[in-house]
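Please keep the model open while you read this note. The points below are numbered so that you can check each against the view.

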Amino acid sequence: MKNLDLLDSWFNVKLSDHQKKKLESEFINTVDDHITLKDLKDIEETFKRIDTKNKLTMLKELDSKEKSRPTIVPITSSKYILVAASVLLILGFSWLFMNEDNNNSLYTEFHEPYSSIANKRSMDSQKNSLDQAYEYYLSGDYQLAEEHFAEVQNDTAQFYRALSLMEINEHQRSIDVMIGIQNISENYPIQFYKGLSYLKLNDIKAATKEFREVPKVQTYYFKRAAALLKKIQ
Amino acid sequence: MDWITEVKNNENETLCLVYKKYRNSVTAWMMKTYKLNHEDALEIFQQCVIQFYHNVREKKLTVLTCKLDTYLIGISNNMCKAFLRKRKLRSTYDFPLLIHQNEIEEKEEQESKYALLEKSIQKLGENCQNILRLFYYERYNMEQISLTLNFKNANTVKTQKYKCIKRLQKLVAGLK
């Protein structure tokens, strides 16, 4: 790990070009952990490629959205009333669907699995179940994580249970669990995640209320909630 | 509008705005100057917007000394030339030149390495993906990552990052 620290310093912006070159020449070959500077640079390049790919897809989608816009067809005056009624109906339905689409895309944009769990370990007899649950959560097996968190009766475990439920698209159940742990410490961004679940269920009013209640001390989530509120309105 | 600050603060929204605002004028310029068809011009313009974004990210572009559309036309100009050179080369030689053979093989090898890494990263799980992306791509330090991802402290992130690297190594080895 010591060598990895040295290699990592290459990615530190504070190093001058000269220092970087020196480091490169020292670590041109494999080190203890079979990790080379080239491996780490490859990881950086891969993330750049993933980012590029995502952004290209986003731009291409803009074009395809525009292409799929309907064209205007001239109509005769005798059909005006019928057409106006149909347009109103269509607008009503599209408003509903677009709203749902918009909420889904906001959810996707702002949702990221809560990850501050690396050092959490239980201290009592519930150790096995809780540790196992964290392991499942970390590895992305949210179904099993939820089942294991459900066995542990403390607020933190229940918070992670709610998060696991969100990951498996069980938003109403997730909200129900979070309502049961309203008095959890302010360090846990419960309002933010509850808001996201409401958003996913298209309950804008409840989502807005939750996002407004994110405490200022949760700087990161407070800012994200503010950004979300701006977009919802 | 200060486009550079906008990209830094809200990259996706700004890139979409830039794309929609300048797409027609820049692609029209490419089609007229280089006699490209609309599809090719559009594809080059998409690459051009991405290039602008990376230039801002990597701090190669810190101040815009001209209008943004002039800057985009500058990038597009080079990209069009490279595109036409490549197309000409492809139509002249339908087999790879021997002198470039080694270069081609090396490039292919590197490409497959990136593809393998991408697959492995996708299998890592969100937690590790976020840590590695923030550290190696966004160049956050451990303290910033711990605040962003809500970790206990910088040391926790460091330990977790080490585990993620080892897990990634295993995944890559498993996929080889």
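1. Start with Glu58(B). Glu58(B) is partly exposed, because its relative accessibility is 30%. Note that this is a predicted model. The side chain of Glu58(B) meets that of Lys48(A) in a salt bridge, with 2.9 Å from N to O. This pair crosses between chains. Glu58(B) sits in the loop between helix H3 (38–57) and helix H4 (68–92) of chain B, while Lys48(A) belongs to helix H3 of chain A. Lys48(A) also counts as partly exposed, at 23% relative accessibility.

2. How many salt bridges are there between chain A and chain B? The count is nine. Another of them joins Glu118(B) to Lys53(A), and their closest N and O atoms are 2.6 Å apart. Over all chains, the structure holds 21 salt bridges.

3. Next, look at the interface as a whole. On the chain A side, 45 residues are in contact with 50 residues of chain B. The area buried between the two chains is about 4,600 Å². Carbon and sulfur atoms give 58% of that area. Three residues stand out on chain A: Phe47(A), Lys55(A) and Leu59(A). Together they supply 13% of the area that chain A buries against chain B, more than any other three residues.

4. Polar contacts also span this interface, with 17 residue pairs found. Which helices of chain A each supply at least two residues to the side that touches chain B? They are helix H1 (2–8), helix H3 (37–67) and helix H11 (219–232). H3(A) gives the most, with 23 residues. By type, the residues on this side of chain A divide into 20 nonpolar, six polar and 19 charged.

5. Now take chain A by itself. Chain A has 11 helices and zero strands. Of its 233 residues, 42% are buried. Consider contacts in chain A between residues at least 6 apart in sequence: 52% of these join residues at least 24 apart.

6. Within chain A, Lys38(A) forms a salt bridge with Asp42(A), and the closest N and O atoms are 3.0 Å apart. Both residues lie in helix H3 of chain A; they are separated by about one helical turn because they are four residues apart. Asp42(A) is buried, at 4%.

7. Arg173(A) and Glu146(A) meet through their side chains in a salt bridge of 3.5 Å, N to O. Arg173(A) is partly exposed at 36% relative accessibility, whereas Glu146(A) is buried at 6%. Elsewhere, salt bridges that share partners join Lys38(A), Asp39(A), Asp42(A) and Lys113(B) into one network.

8. Last, the cysteines. The structure holds one disulfide over all chains. That disulfide joins Cys128(B) to Cys164(B), with 2.2 Å from S to S. The link is left-handed, with -75° about the S-S bond. Cys128(B) is in helix H6 and Cys164(B) in helix H8 of chain B, 36 residues apart. Both cysteines are buried. Cys48(B) is in no disulfide; its nearest cysteine sulfur, that of Cys80(B), is 8.8 Å away. Cys48(B) is buried, with 0% relative accessibility.

Definitions and conventions. Residues are numbered from 1 along each chain as its sequence is written. Chains are lettered from A and ligands numbered from 1 in the order in which they are written. This is a predicted model: local features need pLDDT of at least 70, side-chain atom pairs count only at pLDDT 80 or more; totals for chains, interfaces and linings use all residues. Side-chain values use heavy atoms; hydrogens and water are left out. A disulfide is a pair of cysteine sulfur atoms within 2.5 Å. Buried means under 20% relative accessible area, exposed over 50%, partly exposed in between (1.4 Å probe, protein chains only). Contact means heavy atoms within 4.5 Å. Buried area is the accessible area (1.4 Å probe) that two parts lose on being put together, summed over both. A salt bridge is a side-chain nitrogen of Lys or Arg within 4 Å of a carboxyl oxygen of Asp or Glu. A polar contact is a pair of N or O atoms within 3.5 Å; within protein, one must be able to donate a hydrogen and the other to accept it, and residues adjacent in sequence count only if both atoms are side-chain atoms. Ala, Val, Leu, Ile, Met, Phe, Trp, Tyr, Cys and Pro count as nonpolar, Asp, Glu, Lys and Arg as charged, and the others, Gly among them, as polar.
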